[in-house]
Every structure is written in C-alpha cells, then in structure tokens.
Amino acid sequence: MIKAKIETVTPERAQKWLSENNRGNRQLSTGHVASLARALERNEWRVHHQGIAFTTEGRLLDGQHRLAAIVQARKSAEIMVARGVDPATFSVMDTGKRRTARDLLHLEGEKRAQQLAAALRGLFLYRRAPKAGWLGPSASLSHDQLRNLLNENPGIRSALEKGFSLNREVRLSITAAAVGWHVTSTDRPDINQDDWYEGLATGANLKRNDPRLVLRNTMFALRQGRSSRKRDDSREHLAYYLKAWNAWAEGRSIKLLRRNAGEALPLVTLAGASEANDEGRLM
C-alpha cells in the first residue's frame, strides 16, 4: 500500500537519500537541477502531487532532481513523499508532456500566447542579462517569473502587435520588434514613435543614411541571405533595432549596423543627453 504525506526535507536529509537510496536512476540533468534550485531560492516552490517516491525496499524511484535542487540551494522544502511504490511504475513516470509557458498563458486567456511568452522571455533577458546569450538553461524563465513580468509590463501586449506588423513589413523577428518597441516606449515616453514606425515600416522618403532605412535594408539583406549575419536571431535583431532607434532618437545618420561578438545589448538613449529638436527627438 502506498503511503504519502507532505514532509519537510532538509538539505542534509536530501543528500542522505541521494547517497544511500538512489540506485538505477537516470543521469541527473544539471540544468534542470539548477532551474529547480533557483525556483526554490526565489520561494517559487509549490507543494503538489509530484514529489519523492520510494519503493517498498526503500529505493528512490522518483524525485532525484528535486532532492539535488534542495541540496544545491541549501534550503529546506516541503514536498510530497510517497513510500511503498511499485517499482514497475518507473517505466511510466515523467513521460507526460511538460506544461510550457505558452500553455500557461493560453490557459489564462492570453491571445497569441506562444509569441507573448517569447516576448516576455526576451524582455526578461534584455533587462536582467544584456550580455548573456538567449539559449540554454540559464536563459529559462519560470512560470512565476513569467506571470510577474507580465503583470509588471502590461504594455508588452500592445508592443506584440507592433512586433507582428514590423515582422510583416521589415522581416524583424516578432520577439525583437516587440521587445524593442516596449523598452523604447517605456524608457522614453517623451518621444512620439509614430515617425519611427512609419519610416521603418514603409521606407518612404527616407535619406540614404537614415537609421530607419539602414535597419530596413539590414533586415532585408538577412532575409535574402546577402549577409553573413544570422538570419533569424531575436537577440541579434534586437541589437540592430536598438542601435538604429538610438541613432534616430539622437538625430544621427548611420551607414551600417554591426555588432561585435559578446557585445551587450544597447541601452535606450537617455533623455537630456542634448537639446531636442521640434519633433521631440534629440539632436
């Protein structure tokens, strides 16, 4: 008979179980352990039906990643512990589909949930890790972080609509355009971006070295394979977007857009750097 109850598992207890009861399990995923440990450190740990499972002989059948996370975070956690589990159930454990950020947003009634999740992740990485890449476990976002970020940045929803539009018109990635529009609108609410959008979307009557035209041409070159740069990299596209936007906001002309390896994503040009022109942009 299976017996289950919620128990407080200390790092010492977790380490003891891993050392003495963990036999024949799959190899630990260090990335998954790190993700769980960060969630525990942020107090995002939630008690639910999944937890730790031991067989009738005391062998750890499920939960080694949760135990390793408790050890790594050096923090106790409440967790469901089941004992007396049939070893034959091992073959069907953790075979279900994991709920994604897109699933979470969709269940909460958000439109375009997949693209919104990507935009929120891009916004998070831009704000918190401007020098980091956007791949791997370190670039992941927990569901609680995602939900909190959306609550703090409701304007990302309307920015996403701009992202779809600029993707159609200029071939910017939806994520890059949405994040770019959101951070420039948020950091520089004093600037009316209608001119920026119209020029970038249409290219009409723009001079040769206008930042909007240079960004348009850069994106079309990427799309058509005329450039050695990556064709569909949201982080790369965001770097070009912000560099062009800063030049436009400052009233500067540019000849091309480039980015060095390892370069941090640009900050948005601050107000008051110099006198503004009649359109409200910096000269």
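1. Glutamate 161 is partly exposed, with a relative accessible area of 42% (buried means under 20% relative accessible area, exposed over 50% and partly exposed in between, with a 1.4 Å probe and protein chains only). Its side chain meets that of arginine 112 in a salt bridge, 2.8 Å from N to O (a side-chain nitrogen of Lys or Arg within 4 Å of a carboxyl oxygen of Asp or Glu). Glutamate 161 sits in helix α7 and arginine 112 in the loop between α4 and α5, so that the pair links distant parts of the chain, 49 residues apart (helices, H or I of at least four residues, and strands, E of at least two, are DSSP runs numbered from the N terminus). Arginine 112 is likewise partly exposed, at 36%.

2. This is a predicted model, in which local features need pLDDT of at least 70 and side-chain atom pairs count only at pLDDT 80 or more, while totals for chains, interfaces and linings use all residues. Residues are numbered from 1 along each chain as its sequence is written, and side-chain values use heavy atoms, with hydrogens and water left out.

3. A salt bridge also joins the side chains of aspartate 187 and arginine 127, at 3.1 Å from N to O. Because aspartate 187 lies in helix α8 and arginine 127 in helix α5, this pair ties together parts that are 60 residues apart in sequence. The count of salt bridges comes to 17, and Arg46, Glu108, Asp144 and Arg147 are linked in a network of them.

4. The largest nonpolar core has 54 residues, and Leu166, Trp196, Leu215 and Tyr241 have the most contacts inside it (a core is a set of buried Ala, Val, Leu, Ile, Met, Phe, Trp, Tyr and Cys residues joined through side-chain atoms within 4.5 Å). Helix α11 gives the most to this core, with ten residues. Leaving aside residues up to four places away in sequence, tyrosine 241 touches residues including Leu166, Trp181, Trp196 and Leu215 (contact means heavy atoms within 4.5 Å). A second, separate core of 19 residues includes Leu18, Leu60, Ala68 and Ala73.
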